[in-house]
Amino acid sequence: MGLDPGLRRLALGTLLAAYPGPTPPDWALDLVGAGLAGFTLFGTNVETPAQVAAATAALRDARTDVLVAIDEEGGDVTRLAHATGSPYPGNAALGAVGDVALTRRVYAAIGAELAALGVTVDLAPTVDVNSADENPVIGTRSFGDDPLRVAAHSAAAVDGLQGAGVAACAKHFPGHGATVADSHLELPTVDVPLSVLRERDLPPFAATVAAGTRAVMTAHIRVPVLTGDRPATFSRAVLVDLLRRELGFTGTVITDALEMKGATVAAGGIGPAAVAALAAGADLLCVGAKVDAALVEHVVTEIVVALGDGRLARDRVEEAAARTAELAAWTRPVGAPAPGPGDLGYAAARRAVRVEGIVAGLDRPLVVQVHATASMAEGRVPWGLGPHLAGTEEVRVVAGETDPAALRALAGDRPVVLVGRHLHRLPGGAELVEGLAAVHPVTVVEMGWPGRWRPAGVRAFVATYGASHANGRAAAEVLGLAG
């Protein structure tokens, strides 16, 4: 027997799926017509602004109130500019500048661009307080390590996005900034008393709730004092008692992608994860990036079966679908021509650069970019000084496979500008920098989270607080190397 049509539509109304390629396939349009809440766009869905606008228009033709979401944080996490790097600095750079009005303007510009393309929900801002320098997944996506500063900029980001007509989604509740593991790959743990969460991690969420954020995203992290051995995404103590009752949030709770290991391992698969998240109080389930019609139907079936066997109460799923519908009713694409970023993002990135030491007098340097892997949240996006250099030689190396003596020989009498992301975390990174600096003039450009590590013996240490296209240009300009 097939699924009850009413229950199928109810379940579909809680799902945020994805599709491959630049054009929505027929199955995606059919699911929208059948009641699917919406889709998340990823880099594989983005080629040109005109193409994105055509894709979102096709989705709206299937149903006018379909949700179209995207991870457009600016900085290191960009989908619209995944081929080149974002023209905006990310949160760490904006936090370093410390100008709340600038943060609002940057997010308003991002929101205006999204609205013009028919995107209605931005899965941003990241409002986690990056209290762990070794955090592998938040880092430069955070406004900083001070809860009050992060709170002020988070509220401004929400104001900017929503003033442009795009719903904001503050993430990752109740705070992913203290983790030293990536929830895409495993279930991280934040083992602290509730008092620490309230003092360190919750102020930015409280600020975004006060600013009227339309959505909050859950974190696939374990907080034993609240969640036991399960992730926060599956915890009523987190999503209902803490977020709704204590912080007073009345909008839509969106899960982080259920395909992530932090959720699937704990639940035993995407289907059971969807049921657990709904039961805990989530409203809109982000299935993930690798989605097809069969996976959507699998999740729908799991939800409908759970409604029948008592794992899910019907009124809970109806509540979730209603909140998702409210979000869709609030969001409406503006349809105005997309404004270009102009100089706003590049000027902001330039203000964020911090220099320790002397950068003047770099004569014909050898620029050395050290290979760094990207997190799954960032994806493969170009970074570095390369696109901004004017006739300056650049080489690319792997830290653990490079002999400082070989670089010194290649440089000859030229100084070296060594560019990296999280250099001290890379295998052999600190050894390469300090080994070369001991015998040769070296300027370090750190395009990741700078933290507290400073290499010994370098001529200068330059922190950009991000690796976007704008951050790269800003660093090249500061060093006098920009074309």
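Visitor: What makes the lining of the largest cavity polar, nonpolar or charged by class?

Guide: In this predicted model, the lining of the largest cavity has six polar, three charged and one nonpolar residue. Gly74, Gly75, Gly90 and Gly466 are among the lining residues, and Gly is counted as polar. Glu73, Asp76 and Arg141 also line this cavity; Asp, Glu and Arg count as charged. Tyr465 is in the lining too, and Tyr counts as nonpolar.

Visitor: Why is this space called a cavity, and how much space lies in it?

Guide: A space is called a cavity because a 1.4 Å probe fits there but cannot get out. About 50 Å³ of space lies in the largest cavity. With a cut-off of 30 Å³ or more, the count comes to two cavities.

Visitor: What makes the largest pocket a pocket, and which residues lie nearest its centre?

Guide: A pocket is an open set of points with protein on both sides within 12 Å along at least five of seven lines. The largest pocket holds about 830 Å³ of space. Its lining comprises 40 residues, and Phe42, Arg79, Glu259, Ala289 and Met376 lie nearest the centre. By class, 17 are nonpolar, twelve polar and eleven charged.

Visitor: Which domains contribute to the lining of the largest pocket?

Guide: At least three lining residues come from each of domain 1 (5–330) and domain 2 (353–479).

Visitor: How do you know which strands stand at the edges of the six-stranded sheet?

Guide: The order in this open, mixed sheet is E9-E14-E13-E12-E10-E11. Strand E9 (354–357) and strand E11 (394–397) each have a single partner strand, so one side of each lacks a neighbour in the sheet. Neighbouring strands are turned by 20° against each other on average, direction ignored.

Visitor: What makes E10 and E11 a pair?

Guide: Pairing requires at least two bridges. Four bridges join strand E10 (residues 366–370) to E11, and the two run parallel; valine 368 has valine 395 of E11 as its bridge partner. Helix H16 (residues 404–411) lies across E10, E11 and strand E12 (416–420), at about 150° to E10.

Conventions
Residues are numbered from 1 along each chain as its sequence is written. This is a predicted model: local features need pLDDT of at least 70, side-chain atom pairs count only at pLDDT 80 or more; totals for chains, interfaces and linings use all residues. Side-chain values use heavy atoms; hydrogens and water are left out. Axes are lines fitted to C-alpha atoms, for helices over the stretch in contact, and angles run from 0 to 180 degrees between N-to-C directions. Contact means heavy atoms within 4.5 Å. On a 1 Å grid over the protein atoms alone, a cavity is a set of points where a 1.4 Å probe fits but cannot get out, and a pocket is an open set with protein on both sides within 12 Å along at least five of seven lines; lining residues have an atom within 4 Å of a point. Grid points are joined across faces, edges and corners, and a volume is the space filled by probe spheres set on the points. Domain bounds come from an automatic or database domain assignment.
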